[in-house]
Amino acid sequence: MEIKISPFSQLNALKQKDYLPKIIDWHHQQWQNLHENFQPQQRLTKYINEYCGDDLPMMIVASEKDLLGTVAIQAIDINAEDINKKKNLWVSMLYVDKKKRNKGVGRALLQYAIQKMKNKEYQYM
């Protein structure tokens, strides 16, 4: 299995359109109990507005022929109101397709996320 990892924003528009509903479905099924009133359409709007750009927060996807999994990275700091003062990175929304688990997809996503943020000026990830 050759896993391709890339930021969601670097996928072509056709792949983004194809992958986004699956990502929304995966994440909604996995985490709906944490946000009971957060419906798929709200999740879609949030992801388009927040995770589809080239900067943080960032959604990263793993694919082969099909979508395999996702991870997101965002800058956080409980005490910083200004985004430019946020010194920590938070890794979230790590999800791997149930049929593709235990094949290194999650590890590859995390390694890519760590490498992508390694040279940034953050204290912790």
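How exposed is Leu-94, in terms of relative accessibility? Leu-94 is partly exposed, at 36% relative accessibility; that label covers values between buried (under 20% relative accessible area) and exposed (over 50%), with a 1.4 Å probe and protein chains only.

## About the model

This is a predicted model, where local features need pLDDT of at least 70, side-chain atom pairs count only at pLDDT 80 or more, and totals for chains, interfaces and linings use all residues. Residues are numbered from 1 along each chain as its sequence is written, and side-chain values use heavy atoms, leaving out hydrogens and water.

## A nonpolar patch

Leu-94 sits in strand 4 (residues 88-96); strands are DSSP runs of E with at least two residues, helices are runs of H or I with at least four, and both are numbered from the N terminus. Together with Leu-110, Ile-114 and Met-125, Leu-94 makes a nonpolar surface patch with about 320 Å² of accessible area. Patch residues have over 30% relative accessible area and no salt bridge, with nonpolar side chains joined within 5 Å and like charges within 9 Å.

Asp-66 is found in the loop between strand 2 (58-63) and strand 3 (67-76), and is exposed at 52% relative accessible area.

## One salt bridge

The structure has 1 salt bridge, meaning a side-chain nitrogen of Lys or Arg within 4 Å of a carboxyl oxygen of Asp or Glu. Lys-46 pairs with Glu-50 here, and their closest N and O atoms are 3.0 Å apart. Because they are 4 residues apart in helix 2 (residues 40-50), about one helical turn separates Lys-46 and Glu-50.

Methods: Accessible areas come from the Shrake-Rupley method with a 1.4 Å probe; for residues, only the protein chains shown count as cover.
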